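Colleague: Before we discuss the pockets and the helix packing, could you put the model up and settle one term that we shall need?

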Amino acid sequence: MAHVHIRFDRALDAFLPPARRGVEFAYDAAQGATAKHAIEALGVPHTEVGTVRIDGRVAGLDHRLRDGEHLHVDAVPPATTPADDPRFVADAHLARLARYLRFLGFDTLQRNAWDDAALVAIARAERRVVLTRDRALLMRRDVERGCCVRATAPLAQLREVCLRYGLREHTGRAPRCLLCNAVLEPLHAPPPDASLPPAVRARHDAFWRCASCRRLYWRGSHWQRLRGRVQTACAPPPGAPRPA
């Protein structure tokens with residue numbers, strides 16, 4: 001057994017009991033345990049860990065702990081510049097977050113029927129970031145990239161993901177279907193659908209259709225309201241540098 005001392009960044013408080021927040025505490029790790037094993041045994045998924053310092057030196061999560069070592073565990077820092085179009089896969093409890101990300105043009109898969117094994121397999125095969133509130137899912141060895149979403153309200157979840165990955169409002173990405181994630185195809189003329197309300201046909205001349213489910217889109221009042229919500233959620237915090 002390795003007797004070590006650990007202190008976690010305050011940004012990781014949500015994963016820790018109150019007595020272990022913001023303080024260094026003693027911990028007896030199993031013989032031969034790695035830093036990853038100890039950190040996750042204490043409740044923090046490896047996907048939420050930024051830098052690990054052991055006795056002041058940067059170490060990897062695969063470092064095998066030795067008696068008397070002091071660990072400082074930093075959280076993944078928020079991105080300071082927009083990320084390069086990350087692709088996501090969200091679990092069954094984050095359907096509305098997935099829709100908001102699609103509205104921003106980000107490729108986001110989500111199906112209620114997927115179990116954890118299927119979701120992780122998709123993430124690995126397609127190099128996607130796993131979005132979930134289930135910390136046990138993110139502790140799986142085969143999860144390479146993920147985000148444990150702390151917030152419960154969908155717009156707050158969106159803001160959290162935007163800050164984590166430096167996401168910004170739609171800038172050149174192809175619009176996506178809010179329901180099935182397929183890229184929307186622009187229509188060169190108003191569709192002949194009899195279901196299209198005459199008032200909509202009269203007021204709008206730009207329409208899009210989902211290449212998969214054939215759902216029709218236009219930028220009406222619902223789109224305007226949704227855009228206002230996601231703009232607010234994705235706004236950088238006060239004082240943050242604006243992207244060039």
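Modeller: A crossing is called right-handed if the near helix is turned clockwise from the far one by less than a right angle, and left-handed if anticlockwise. Please bear in mind that this is a predicted model.

Colleague: Which hand does the crossing of α5 and α7 have?

Modeller: These two helices, α5 and α7, pack at an angle of about 45 degrees, with their axes 8 Å apart. Since angles from 65 to 115 degrees count as roughly perpendicular and those under 35 as roughly parallel, that makes α5 oblique to α7. By the definition above, the crossing of α5 and α7 is right-handed.

Colleague: How many nonpolar residues does the contact of α5 with α7 have?

Modeller: On the α5 side the contact is made by Leu155, Leu158, Arg159 and Cys162, and on the α7 side by Arg229, Val230, Thr232, Ala233 and Cys234. By class, this contact has one polar and two charged residues, and its nonpolar residues number six.

Colleague: Which element gives the most to the lining of the largest pocket?

Modeller: The largest pocket, with a volume of about 530 Å³, is lined by 22 residues, and Phe103, Tyr217, Trp218, Arg219 and Trp223 lie nearest its centre. Two or more lining residues come from each of α2, β12 and α7. The most, five residues, is given by α7.

Colleague: Which helix gives the most to the lining of the second largest pocket?

Modeller: The second largest pocket has a volume of about 250 Å³, and its lining has eight nonpolar, no polar and four charged residues. Glu160, Leu163 and Arg164 are among the lining residues. The helix that gives the most, with three residues, is α5.

Key: Residues numbered from 1 in each chain as written. Predicted model: local features only at pLDDT ≥ 70, side-chain atom pairs only at ≥ 80, totals over all residues. Heavy atoms only, no water. 1 Å grid on protein atoms, 1.4 Å probe; cavity = no way out; pocket = protein on both sides within 12 Å on 5 of 7 lines; lining within 4 Å. Points joined across faces, edges and corners; volume = space filled by probe spheres on them. Helix = DSSP H or I, 4+ residues; strand = E, 2+ residues; numbered from the N terminus. Nonpolar A, V, L, I, M, F, W, Y, C, P; charged D, E, K, R; others polar. Axes fitted to C-alpha atoms, helices over the stretch in contact; angles between N-to-C directions. Parallel < 35°, antiparallel > 145°, perpendicular 65-115°, else oblique. Contact = heavy atoms within 4.5 Å.
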